[in-house]
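Please look through the sequence and the model shown here before reading the report that follows.

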Amino acid sequence: MRASLSLRGRVARWLLPPLLILLAINAVLSWLGARQAVNRAYDRSLTASIRAIAEQVHSLEGEITVDVPYSAFEVFEAGVQERIFYAVFAPDGRLVTGYEDLLAPRAPAEDGTLLLAEMPYRGEEVRIGAMKKRLYDPALAGGDAVTIVFAETTESRIALARELFFDSLRRQLLLVGLGALMLALALGSAFRPLVELRDAVQRRAEDDLTPVPTGNVPSEVQPLIGAINHHMERLSAMLAARRRFLADAAHQIRTPLAVLSTQAEFGARQGDPGEMRRIFESLLTTIRSTRRMADQMLSLSRAEPANGLIQEQAPVDLTAIAREVALELVPVALKKHIELAFEETGAAPMTGNAAMLRELVANLVDNAIRYSPPDTQVVVATGTADGHVVLAVSDEGPGIPLAERDKVFQRFYRILGQGGPDGSGLGLAIVREIALAHGGEVRLADAPGGRGLQVEVEFPRRADEVAQA
Ligand SMILES: Nc1ncnc2c1ncn2[C@@H]1O[C@H](COP(=O)(O)OP(=O)(O)OP(=O)(O)O)[C@@H](O)[C@H]1O
Ligand SMILES: [Mg+2]
């Protein structure tokens, strides 16, 4: 089984990875932004330094003079000691003053605009600025523009950018942390009603099946509680039915036992062997009917879905089952001078539990024989009709009045003054239980001849057989 993830875990799994990716993207952007802002500020002082030098470059009759002002070396931020380099080159490329190897990465434009770049110089990263300045001295060789190059190391720029970057990163982490904390708190408060509900359910008595109160539960969870409550309602109805059945069953068993002991006591007092034999015979009758009742109770219990036996279903042919049962009961029918006929219109394929279906047919045929007068006919018929498998058992007996047709399905219900004393009133309840477990239904109708009862049971036909038909 897959371990189920907690809701907190799920939220974390959905939120954290994208949040971390966003955080990483934001960090890169913050770093670039900080570098840009720092460069903009520092470049202003770099530009001022170059222009200050440029102002002090003059040429007179081919002789270039530079008077580098002290102000050119004032760096943007005191604090850090940046190293500063400069060079002035004559139009023909000759060094006028400064560092000879300090060359701009490419030639600056003639119009005096400043070229700014970053590059390594003497093993260090420097920010370099370069510009040309025209001196309007016709005596100069190779044009009249000198090139001024100025560079400073970038340590303090990077230090400041780093400071700005970590500041903003700290703020972001703080925000994300606060957000996560608030989310955890919100989830905690959202789950509190569920935790309370769990405690309430755990505190319940074992047999308490009253509905769980839904008052404080979030609306998303209410349908779940509703479904559980509905299930509990059915459970408690089922338990109540069980309790009733147990009470009824105990009562039903007590009656024949009382009769048995009376008969036995009475028999024990008899001296006449003939009288004793007669009492033994009635004892046997009572024992037989008590046994029948015990058997019927067992059948009913086996047919109940809760016992799981009925779930063992396989492809079966109802026609074959009904034929077998009818054949077995022919001797019983003959004893009562009843003709038992079997009619079929071919196989009746369905999915079912063969033993239970046999039980169902046997109960119906048993009723038909038991409640019919001698010299009548009982017909067992099977067939198929539009997607259904049908079983019909009809007789020429007294039938069941309309008003009683619902009641006869109740457990232990018998119509007074009908049939012998040896019925338990469970037969039709068993029939209905088995039919329901097979997705079928039972109907009581007048028999076709106008006299007697016809019981019809309809089952869904086997799916693959329907497809072929
Ligand atoms: N074919 C029938 N014709 C007339 N009445 C019937 C018929 N089948 C059932 N009944 C009536 O319905 C009642 C209930 O039938 P059910 O089969 O449930 O119980 P039972 O036959 O009395 O007992 P058992 O559990 O032994 O079958 C019977 O007592 C009988 O009065
Ligand atoms: Mg019966």
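Predicted model: local features only at pLDDT ≥ 70, side-chain atom pairs only at ≥ 80, totals over all residues.

## The HAMP domain

The unreviewed UniProt entry also lists residues 188–240 as "domain: HAMP". Over residues 188–240 the chain is 66% helix and 0% strand in the model, and the end C-alpha atoms are 40 Å apart.

## Salt bridges

Side chains of opposite charge can pair when their charged atoms come close. A search of the whole structure finds 27 salt bridges, and one of them joins the side chains of Glu-155 and Arg-83, with 3.3 Å from N to O. Glu-155 lies in helix α2 (residues 155–203), whereas Arg-83 lies in the loop between β2 (63–66) and β3 (84–89), so this pair ties together parts that are 72 residues apart in sequence. Glu-155 is partly exposed, at 45% relative accessibility, and Arg-83 is also partly exposed, at 34%.

Another salt bridge is formed by the side chains of Arg-358 and Glu-324, at 3.5 Å from N to O. Because Arg-358 lies in helix α6 and Glu-324 in helix α5 (residues 318–335), the pair ties together parts that are 34 residues apart in sequence. Both partners are partly exposed, Arg-358 with a relative accessible area of 31% and Glu-324 with one of 39%. The side chains of Arg-157 and Glu-152 meet in a salt bridge as well, at 3.2 Å from N to O, and here Arg-157 and Glu-152 are both buried. These two residues are also part of a network of salt bridges that links Arg-35, Asp-43, Glu-118, Arg-127, Glu-152 and Arg-157.

## The surroundings of ligand 1

Which residues are the closest to ligand 1? Ligand 1 is surrounded by 21 residues, of which the closest are Tyr-371, Arg-414, Ser-424, Gly-425 and Leu-428. A polar backbone atom of Gly-425 is 2.8 Å from an oxygen atom of ligand 1, a polar side-chain atom of Asn-367 also lies 2.8 Å from an oxygen atom of the ligand, and a backbone N or O atom of Ile-415 lies 3.4 Å from an oxygen atom of ligand 1. On its own, ligand 1 has 580 Å² of accessible area, and the protein covers 99% of this.

Two or more residues of the shell around ligand 1 come from each of the elements α4 (273–303), α6 (354–371) and α7 (427–437), and α6 gives the most, with 4 residues.

## A buried histidine

His-438 is placed in the loop between α7 and β13 (441–446), and it counts as buried because its relative accessible area is 6%, while buried means under 20%. The side chain of His-438 reaches the backbone nitrogen of Asn-353 at 2.9 Å, and a polar atom of this side chain lies 2.8 Å from the backbone oxygen of Ile-434.

Key: Residues numbered from 1 in each chain as written. Chains lettered and ligands numbered in written order. Heavy atoms only, no water. Near = heavy atom within 4 Å. Polar contact = N/O pair within 3.5 Å; in protein donor to acceptor, adjacent residues only side chain to side chain. Areas by Shrake-Rupley, 256 points an atom, 1.4 Å probe, with all protein chains shown as cover. Buried < 20%, exposed > 50% of the residue type's maximum accessible area, 1.4 Å probe, protein only. UniProt positions renumbered as here; feature names shortened; annotations may be inferred. Salt bridge = Lys/Arg side-chain N within 4 Å of Asp/Glu carboxyl O.
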